[in-house]
Amino acid sequence: MRVRLRHQRLRQAIASSRMSQNRWALKLGISSGHLSELVNGKRPYPAPETRIRLCKGLGLSFEELFRLEAPKRSSRKRQPAPRRLLQMRGGRYRLSIDRLPSRAVPGGEEGMQDVFKDFRYGLRWLSRNPAFAAVAVLALALGIGGNSAIFSLVHGVVLKPLDFKDPQQLVMVWETDPAKGNLEANAAYPNLRDWMAPGTPFQAAAVFDSRSLTLMKEAKAERVQGARVSADFFRVLGVEAFLGRTFEPREDLPSSSDVAVVSHAFWKNRLGGDPGALGKPLSLDGGAFELIGVLPPDFSFPILVSNAQIWTSVAQDGDFSAERGMHVYEAVARLRPEISLNQAQHSMDAVAQRLSELYPEDQAGRGIRLVPLHQQVTGNIRPALLVLLAVVGCVLLIACANVANLLLARGASRQRELAVRTALGAGRGRLIRQLVSESLILAAAGGAFGLLMAWAWSGFAVSIIPVQIPRLHEVSISLPVVIFTLAVSLLTGLLFGMAPAWQASRLNLRDSLADGGRGASTVHGHRLRRGLVAAEVAMALMLLIGAGLLVRSFANLIQVEPGYNPDRVLTFAMSIPISDERGFTPARADFYARVLESVRGLPGVHSAGAAIYLPLRGNIGTEMRIAGNQARPGEELAVQYNSVTPGFFETLQIPLLRGRSLTESDRLGSPGVAVINQAMARLYFSGTDPVGQRIEVDIDLNQPGAPTSFEIVGIVGDVRTRGLEAEVPPQAYLSYRQHTWPFAYFAVRTESDPSLLSGPIREQVARIDSGQPVNRIQTMRQHLSGSISQRRFAMMALAGFSLLALLLAALGIYGVIAYWVGRRTREIGLRMALGAGRKDVIGLVLRTGLGPVLAGLAVGVAASLLLTRWLSVLLFELSPTDPATYLGVIGLLALVAALACYLPARRATRVDPLTALRCE
C-alpha cells in the first residue's frame, strides 16, 4: 500500500505540473521508458522518505529537487554503483552509502543525447546568470578577438604562400661586393645571359626595377607607378595575361617597338574596362606605347614598394640595360624542380667566379646570393609580427585566468547543487563533463564575438599600419582565420574550464550539504585562485614593461634633432624622363630653376630649394679621395652625396657653420665645388681646416662636362639622412647645376599653413610645362612622421594590448577579493563585533589581496629581465633593463592592484555585524 502511495504521489506531482512526461524525464536525467516504469510501479522507487526529508532540510520543493538531479555515469556494462543518499539520524544529517543497482546508460546515440543535455542545461544555467555570463564572454571576446586580428595579419603577410605558380621555386638573385661588406646589391642586366647558360639551376630569370612614369591623358599629365622588366619576368612568376599577352624576348632589344602591359585596376579605372583598348597607344614619358596586355585582377608583386600600374620593357633604359657595369636592377628566378636551394647556390657560386674572371673590371670579387622569394618578402617584418602574436597570446592567457577565477568562485557557490547531484548518483566525471560543457559554451560565445571584433580591428589596423609592410592588401578574415578562431576558442574553453571543473568536483558531501547554503571553500581552491592572480599580474607586468620601454624609446627618438626645421615646409617631387630631349643636359637644370623661380614668386612663400633627395630619404653612396692627402695616399673613403640647388640650405634652415653656400654661379663650365657636413669634416679632416681642400668623387652620369674634382667651399650642420635613429654619415653636397639628375624633390618654406599652396604650385608648374606633373605633395612634418611610422605602430600596438592586459588583471584581482570578502562576511562581522576597526578590516583585505600581487610582480620582473633583451633592436638610446621604466611600471601595476583590493575592502567595512551574524 505504501509503495503504491509513493508512486501515486509521483504521478500526481507530474500530473499537477505543466510539463509533459518527456520534459520530466529530461529534468530527471532518465529515459521516458524509465520514468513510465517508475510511475506505473514497475520499477522500485528508492528511499522516498529520504528524498522528502532532504527537501525539507534543504528548503527545496519536490520539483526543485528533481531539477538538481543529473544522469548517472554512462557505462556499457550493468554493474552496481554506489548511490549516495542522505539519511536523517538523531535529528542530524549523516552520509551513508547504499549499494543499490544503478541504471546502465548505453553509449552511442543515447550517449550523444546526454552530451546535448549537458549543453542544454549549461545554456539554461548561464541564462539564469546573465551578469556572470556577460563578464566572462566579454573577457574572452577581447582576448580571442585580439588573437584573431593579429593572426589575420600574420597569415596574410607571413604564412600565406605567395600567389604564384609553385612559389617555393622562386628566388631573389642578388649580387654581392666584398668591398662593401657582402651586402645584397643589384645586378646588371647583361648577366642574365650567363645565369641562363646550360648547366645553371634556373628555368628562367628576369630583372625588374620600379619606375615612376608620366601619363598624358586628355592633355593632362599625371604620375603613375610603373616598373621596367625583362621579357621573361611574367614567365618566371607563372602569370598569364588576363587580356592580350605579356612581353616576348624580342621586346628586350633596344630596336624593339615601345609596348606596355597594364594592371587590371588601371584597365578598369583608367580605360573603362574596354577590351578594345588593346593595340591602342598610351602616352608615357612623352612617347607612344602600344598596349599589348592586361594582367589578372589579383596580381601584385610584393617586392615592389608600391603596386605597379604600368609595366614596360628594360629596352627603354637604353645604355643602362646594355652595360655590364650598371648594377641597377633587382632579379628574380625560378629554380628547376629537381634542384634544391643549396645545390642552386653552389652552382651559382661557380657562375659568379667565372664572371669575375671574364669581366674583372665590372665583376671582380662580386658574388651571387640566392634568397627564397617568400623569405625576401617577409623576412624583415616576420619577427615583429610574431612578437605581436605572442603579446596577444599573453592577453588571452590573462583573460582565461580571469574567467577561470570566475568559474572557481561560481563553483564554490554551487557546491550545494553539486553535492545534491552527487548524492543522487552523479559521478565525478559526470560533474566535470557538465561544468566543462558550460565553459565551452562561454568560449564559443567569446569566439563568436571575438571574430566580430577581429573583423573590426583588422580593418582599423590595416588603415593605421605603415604602408611599408608587404602584402598588406592580402590581410582579411579568411577561412584559415575562422578555423584558427574556432581552434583557439575550443582550446580556451578547455584551458580555463578544466581546473575549475576539477576543483568543483572535489566535494566533501558532509560539509557541502551541512554548510547552510554558503558552500564550502577548500584551501586548495583558495590557493588556485591566488595562483591565477599572480600569473595574471606577472604576464601583465611583462607586457607593460615592454610597452614602457618602447614608449620611452619612441620619446627619445622624437626628441632627436633632425638637423633641419620641418615646420611650415611643403615638399613635392618632379621627374623628367630619360627619353626627354633635355636628357642629361643643362636644359633640365634650367627647367627646375624656372620652377623654383615661379614658386618663390607665390604669395606667402619665404624661400624654396630642390635636391635629388630630401632628409631621411637617404642619399647616394660612393667613394671619395682627398687630393694631396699624404697620410692616406690613394685611399678611397666612403661618402654620401646629394645634388642641391641654391636656397636649399636656407629653406630647410640647415645652419652654415663655415665658408659659403652654393650659388647660381656654380654651374657647368665653372670649377666644381662642394659643401660638406660636420660629420665628414670631423671624420676625414680632423685637426685641419677642410675649406679650400679638394676631393675627388666617383660619379658617372654620362653628363658631358660634369666635374669629378671639387673644392670644399663650406661646412653645414649634420642632417639625418637614413632615419632619426641612424648615425649621421659623412656627406658632400654638390651643385645641382653641375650634377643634374632626372628627378628632384622641392622644398618650399611658407609663412602660414604650407598645405594651402598645393593648388597654386600645380598651376605654376602647368604654366611652365603642362606635360610635367607634380606628385608626392606633403608637408615636411608628414614626411618626418612617416619616417618613424613603423616604430610608432609597434609602440601603439604593444601599448594598447598592454593596457588591455592591465585592465583584465585589475578585474581579476577585484573579482577574487570581492569573492573572498563575500565568503568571509561572518568572520568580518565577528571581528567588527569584537572591536576591530575600519582600518583593521581594510588592512586584512589588502594583505590578503596584495599577497599574490607581490608574488606576481616578483615573477614578472624576473621574466622581463630575460625577455626584454629581445626588444633591444627596437630600442633607441635606452637599455632593455632601464630602472626608471621598471620602477614606473611596477608602481603603476601595484597602484592599480591596491585600488582593485581597496574597493571590496571598503565594502567590507560597511558590513553590519549583527546582520552578518543573524544571516549565518
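Reply: Happy to! A polar contact here is a pair of N or O atoms within 3.5 Å; within protein, one must be able to donate a hydrogen and the other to accept it, and residues adjacent in sequence count only if both atoms are side-chain atoms. The model is predicted, so local features need pLDDT of at least 70 and side-chain atom pairs count only at pLDDT 80 or more, whereas totals for chains, interfaces and linings use all residues. Residues are numbered from 1 along each chain as its sequence is written, and side-chain values use heavy atoms, with hydrogens and water left out.

Let's start with S356, whose side chain reaches the backbone nitrogen of G365 at 3.1 Å. S356 belongs to helix α12, residues 341-358 (helices are DSSP runs of H or I with at least four residues, numbered from the N terminus). With a relative accessible area of 16%, S356 is buried (under 20%, with exposed meaning over 50% and partly exposed in between, for a 1.4 Å probe and protein chains only). Setting aside residues up to four places away in sequence, S356 touches Q363, A364 and G365, where contact means heavy atoms within 4.5 Å.

Now to the packing. Helix α28 (residues 838-867) and helix α29 (residues 883-908) have axes that come within 9 Å and cross at roughly 150°. Those axes are lines fitted to C-alpha atoms over the stretch in contact, with angles from 0 to 180 degrees between N-to-C directions. By class, the contact has 19 nonpolar, two polar and two charged residues; Ala, Val, Leu, Ile, Met, Phe, Trp, Tyr, Cys and Pro count as nonpolar, Asp, Glu, Lys and Arg as charged, and the others, Gly among them, as polar.

Apart from neighbours within four places in sequence, G849 is in contact with I817 and C901. G849 and R530 are 319 residues apart in sequence, yet 8.4 Å apart in space, C-alpha to C-alpha.

How values were computed
Helix = DSSP H or I, 4+ residues; strand = E, 2+ residues; numbered from the N terminus.
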